[in-house]
Amino acid sequence: MKALFFLRHYNDIDHITPIIFKWIETGHVCDVVLIGHRNIRNDYRIEFLRKLTGVRLAHIRDVLTPPGFLLWRLQTLLLSPGMKRSFLKSMVRKVIEIYGTENRQRVWRNTTGKLLERSFAASDKGVVAFDWVTRNSPVCFEWVETVVVMAHGMGLNVVSLPHGDSPHANHLIRRGEWKLQPDSMYSAGCLFDKVVVPNELCAVRFRPFMHEKSIAVLGSPRFCTEWLDKLVKLQPPSPLVRSPSRLKLVIFLRKSDFTTFWEEVGEVVQMIAAFPSVEIIIKPHTRGGWRQPLTRNAAILRLPNVSIVADDIHSAQLMNWADVVMDLATSVVFEAVTAGKPVLAADYLHAGRSVVAEYMPETELRCRDDVYKRIDELITTGCGSFYDERHRQRFLKEIIHGGGDEDVLLRYVALLEASCQPHEVRQ
């Protein structure tokens, strides 16, 4: 069977690569088309996919003609949420109005026709896969709509695969979110034949806008044990050096549009750094990390045992280096929980309730005193026996395995196989 996967940035590469790997391992073939910045071609997971027999990988600009790509790219930029919020928004709106819907649709149809014909002209069965597409996504929603309509016209189903997880147990987590109601940006899910989520916490985002049968809860492809075991062998050599005399702490930061209490985060970093036997690495978010005030805090930048690392240091490398991880509600720490490494859920540093603290109350930090005591305990007694194992196993069952068994990746393959059956119009 044949699949066409569209990948656009770090997160969906991180979460969808395991699915592609298992799809190929079970005897199928696929095309992978990169629709983000050309630099993602150098990602080590993309390098891994390129070497798999049965994968044909290309950037979209290498599939289309130069004029075709230029028009597709310009339209994508014009309709991007960022452009609509910029100081150029009035001019952009005018350009879109003058250019007209029919001209845009002509470009979308031409682009989509080339991509679908390239992948499925010689295939009688197939499926098209995007990551989670919302109405706020950088990928142009109008183009995705065209892909879905034309794929359906060829009898192909289109599915939406996870590009992340839900690190929050609550809903109001971003600046400007004041009403406890379904978020309409997830209404884009109704465009797809199936939206796949790791667990129930993610499913609730889409349920108000979709038929129940169109949502599949399959577990986490990124944090399941099968992929973590494989990932250890794939990642490039780490530049990080472990110093045996120190407690090594990694702090992962969230994007700036989530409500984080940055002043207190800075205080906590300086307090922990005052322990002479602690070494701290701070990892800004992979998109927009430069906007986070902590990365410009002069007092922190001067500390000899604190480092702020760039995007070329991968989260898996940081997990291997760390003894303990501090969580500001980031799903990347799920890897540490799976490995049994201590996670300090610093819920008082942000406006949310973390999934880690909700499932494992022993991880929660409620005030600065808790931070001090936990760091002191970890230095004095070590990192063993940190979790209540009953809590951790429930977390693994419900959040990582989606309520099922550990064969997470096989469930994704089974869903894609079922999606390769001819498309039927939904009533």
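Is Ser385 buried or exposed? At 80% relative accessibility, Ser385 counts as exposed; the cut-offs are under 20% relative accessible area for buried, over 50% for exposed, and partly exposed in between (1.4 Å probe, protein chains only). The legends below describe a predicted model, in which local features need pLDDT of at least 70 and side-chain atom pairs count only at pLDDT 80 or more, while totals for chains, interfaces and linings use all residues. Residues are numbered from 1 along each chain as its sequence is written, and side-chain values use heavy atoms, with hydrogens and water left out.

**Figure 1. Overview of the chain.** The chain contains 18 helices and 12 strands, where helices (H or I, at least four residues) and strands (E, at least two) are DSSP runs numbered from the N terminus. Its radius of gyration is 22 Å, close to the 22 Å that the globule rule gives for 427 residues, so the chain is as compact as a globular protein of that length. This radius is taken over C-alpha atoms, and the globule rule is 2.2 Å times the number of residues to the power 0.38. The C-alpha trace spans about 65 × 50 × 40 Å along its principal axes. Of the 427 residues, 56% are buried. The chain exposes about 19000 Å², of which carbon and sulfur atoms supply 54%; accessible areas come from the Shrake-Rupley method with a 1.4 Å probe, and for residues only the protein chains shown count as cover. Among contacts between residues at least 6 apart in sequence, 74% join residues at least 24 apart, contact meaning heavy atoms within 4.5 Å.

**Figure 2. Packing of helix 1 against helix 18.** Helix 1 (residues 10–25) and helix 18 (residues 408–419) pack at an angle of about 70°, with their axes 9 Å apart. Axes are lines fitted to C-alpha atoms, for helices over the stretch in contact, and angles run from 0 to 180 degrees between N-to-C directions. The two helices, helix 1 and helix 18, are therefore roughly perpendicular to each other; angles of 65 to 115 degrees fall in this class, those under 35 count as roughly parallel, those over 145 as roughly antiparallel, and the rest as oblique. Helix 1 contributes Pro18, Ile19, Phe21, Lys22 and Trp23 to the contact, and helix 18 contributes Leu409, Leu410, Tyr412, Val413, Leu416 and Glu417. These residues divide into 9 nonpolar, no polar and 2 charged. In this grouping, Ala, Val, Leu, Ile, Met, Phe, Trp, Tyr, Cys and Pro count as nonpolar, Asp, Glu, Lys and Arg as charged, and the others, Gly among them, as polar.

**Figure 3. Packing of helix 1 against helix 10.** The axes of helix 1 and helix 10 (residues 225–234) cross at roughly 95° and come within 11 Å. Helix 1 and helix 10 are therefore roughly perpendicular to each other. The contact is formed by Asp14, Thr17, Pro18, Phe21, Lys22 and Glu25 of helix 1 with Glu226, Trp227 and Lys230 of helix 10. Its residues comprise 3 nonpolar, 1 polar and 5 charged.

**Figure 4. Two loop residues with positive phi.** Most residues other than glycine have a negative phi. Ser385, in the loop between helix 16 (368–381) and helix 17 (389–400), has a positive phi near 55°. Ala329, in the loop between strand 11 (324–327) and helix 14 (334–339), has a positive phi near 70°. Ala329 counts as buried at 0% relative accessibility.

**Figure 5. Surroundings of Arg353.** Arg353 is located in the loop between strand 12 (343–345) and helix 15 (355–359). At 25% relative accessibility, Arg353 counts as partly exposed. The C-alpha atoms of Arg353 and Ala329, 24 residues apart along the chain, are separated by 7.7 Å. Not counting residues up to four places away in sequence, Arg353 touches Pro167, His168, Ala169, Asn170, Asp347, Glu358 and Glu364.

Figure 6. Ile251 belongs to strand 8 (residues 247–252) and is buried, with a relative accessible area of 1%. Beyond its neighbours within four places in sequence, Ile251 is in contact with Val269, Ile280, Ile281, Ile282, Lys283, Met326 and Leu328. Ile251 and Lys283 are 32 residues apart in sequence and 6.2 Å apart in space, C-alpha to C-alpha.

Figure 7. Thr134 lies in the loop between strand 4 (126–131) and helix 8 (141–153), and Ala188 in the loop between strand 5 (157–161) and strand 6 (194–197). Thr134 counts as buried at 10% relative accessibility, and Ala188 is buried with a relative accessible area of 0%. Leaving aside residues up to four places away in sequence, Thr134 touches Met185, Tyr186 and Ala188. With its neighbours within four places likewise set aside, Ala188 is in contact with Val133, Thr134, Arg135 and Phe141.
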